Amino acid sequence: MSETYAGRAAALDAADELAKYRELFTLDDTVYLDGNSLGALPRHVPARLQEVLTREWGELRIRSWEESGWWTAPERIGDRIAPLVGAGPGQIVVGDSTSVNVFKAVVAASRLAAQGRDEILVDATTFPTDGYIAGSAARLTGHRIVPVAPADVPAALGPRTAVVLLNHVDYRTGRLHDLPALTAAVRAAGGLAVWDLCHSAGALPVGLDEHGVDLAVGCTYKYLNGGPGSPAYLYVAERHQAAFDSPLPGWTSHADPFAMTPGYAPAEGSVRGRVGTPDILSMLALEASLDVWDGVEVTAVRAKSLALTDFFLECVAAYVPPGRVTSVTPAAHAERGSQVALRCEDTERVMRALVERGVVGDLRRPDVLRFGITPLYVGFADAERAARILADVLEG
Ligand SMILES: Cc1ncc(COP(=O)(O)O)c(C=O)c1O
């Protein structure tokens, strides 16, 4: 049986137009299915970082803020990310962690919301940081948190809805939520839709402008391969920028930061989302890593991601003894992100054994094995091998 699937994998890899992008990454014999936590290193990034260290910091020193473009990196790199999430230029700024950007987005959205609206709806199954931070934002702004499953959002909307904070793809199950329909429903009810794109940017089309999203945040160290702890980003739709009132109005978001005036006057545009001195080394590693996207269509990435997740699920069903794993990732393409999550007993032992045998995924306690599918460097043979080794581990 494994010959059949291995043969199909070889044919699919041979026909894959994205296969050539794998060469752009530093990889080894490991089947790396954890790019939904930490993306792989693009090969050219170390040399670029070396240049930043040696030339820009080592020789030019302070001059690099201007001469090497350090000062404008947050908005410049935001514009590099923009096409990957369907945003026009001037609406995304890079900096800080996702958690900090969730804070900026939720507080600013609640300030943008109409008077009298006092509820912040939060995805009840959200990645924990979003819930913690929305809770704190609510305490600060006098709003009330309403936890609600994404599917129940339309029914929970009403005249008190100020902000709705949702995840595009659920980090645990890999479920893709309906961003266009949910955004439309939130806006029709008079609220603002804030999306967390951590698990969708770089994996599937997002369409921020097309679908009228109000604000969004996301990280860059997963599918965007920016490196460990690389800075996150904040999207503020152009129509909200003039009224965007940041809860962290640091000096680098000032209209004239070097005037050093005691009074705050916000800069125009995405710069308004900045806070303090940008983390240049991480930021420039991210900027370099974004080069791998040159010439890549996100729709092609999405098509390969769906084909790979289908194929992996098929191999798992064929190889793994019945009843040992259950997929919690939706079968319907319209509801699937770019990971496969399998419910399984004894996940810690199973994942340790997988890693020892060269298949790197991760787990979410208590019972979910996660396998991230990053179409730029994962192939069909990888998916087949991962399923075969998983079956071996579970049989053993
Ligand atoms: C969906 C989601 N939101 C937020 C975060 C937190 O990001 P950060 O650690 O950059 O604050 C993560 C991290 O994995 C995440 O997956």
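Contact here means heavy atoms within 4.5 Å. Among contacts in the protein chain between residues at least 6 apart in sequence, 72% join residues at least 24 apart. The model is predicted, so local features need pLDDT of at least 70 and side-chain atom pairs count only at pLDDT 80 or more, while totals for chains, interfaces and linings use all residues. Residues are numbered from 1 along each chain as its sequence is written, and side-chain values use heavy atoms, with hydrogens and water left out.

**Whole chain**

- The protein chain has 13 helices and 13 strands; helices (H or I, at least four residues) and strands (E, at least two) are DSSP runs, numbered from the N terminus.
- For 396 residues, a compact globule would have a radius of gyration near 21 Å, and the 22 Å of the protein chain agrees with that. The radius is taken over C-alpha atoms, and the globule rule is 2.2 Å times the number of residues to the power 0.38.
- Along the principal axes, the C-alpha atoms of the protein chain fill a box of roughly 70 × 60 × 35 Å.
- Of the 396 residues in the protein chain, 56% are buried. Buried means under 20% relative accessible area, exposed over 50%, and partly exposed in between (1.4 Å probe, protein chains only).

**The sheet of 7 strands**

- An open sheet with mixed pairing is formed by 7 strands in the order S2-S8-S7-S6-S5-S3-S4. Two strands pair if DSSP finds at least two bridges between them.
- Strand S2 (92-94) and strand S4 (144-148) are at the edges with a single partner strand each, so one side of each has no neighbour in the sheet.
- From one strand to the next, the twist averages 20°. Axes are lines fitted to C-alpha atoms, for helices over the stretch in contact, and angles run from 0 to 180 degrees between N-to-C directions.
- Strand S3 (residues 119-123) runs parallel to S4 and is joined to it by 5 bridges; Glu119 has Arg144 in S4 as its bridge partner.
- Helix H5 (residues 98-112) packs on this sheet, touching S3, strand S5 (161-167), strand S6 (192-196), strand S7 (215-218) and strand S8 (233-236). The direction of H5 makes about 170° with that of S7.

**The sheet of 4 strands**

- A further open sheet has 4 strands in the order S9-S10-S13-S12, with antiparallel pairing.
- Its edges are strand S9 (325-327) and strand S12 (362-364), each with a single partner strand, so one side of each is left without a neighbour in the sheet.
- The twist in this sheet averages 35° from one strand to the next.
- Strand S10 (residues 339-344) and strand S13 (residues 368-372) run antiparallel and are joined by 5 bridges; Ala341 stands opposite Arg370 in S13.
- Helix H12 (residues 347-356) packs on the sheet and touches S10, S12 and S13, its direction making about 35° with that of S13.

**Lys222**

- UniProt lists Lys222 for "modified residue: N6-(pyridoxal phosphate)lysine" in an unreviewed entry. UniProt positions are given in the numbering used here, feature names are shortened, and annotations may be inferred rather than shown by experiment.
- Lys222 lies in the loop between S7 and S8 and is buried, with a relative accessible area of 9%.
- Apart from neighbours within four places in sequence, Lys222 is in contact with Gly35, Asn36, Ser37, Gly39, Cys198 and His199.
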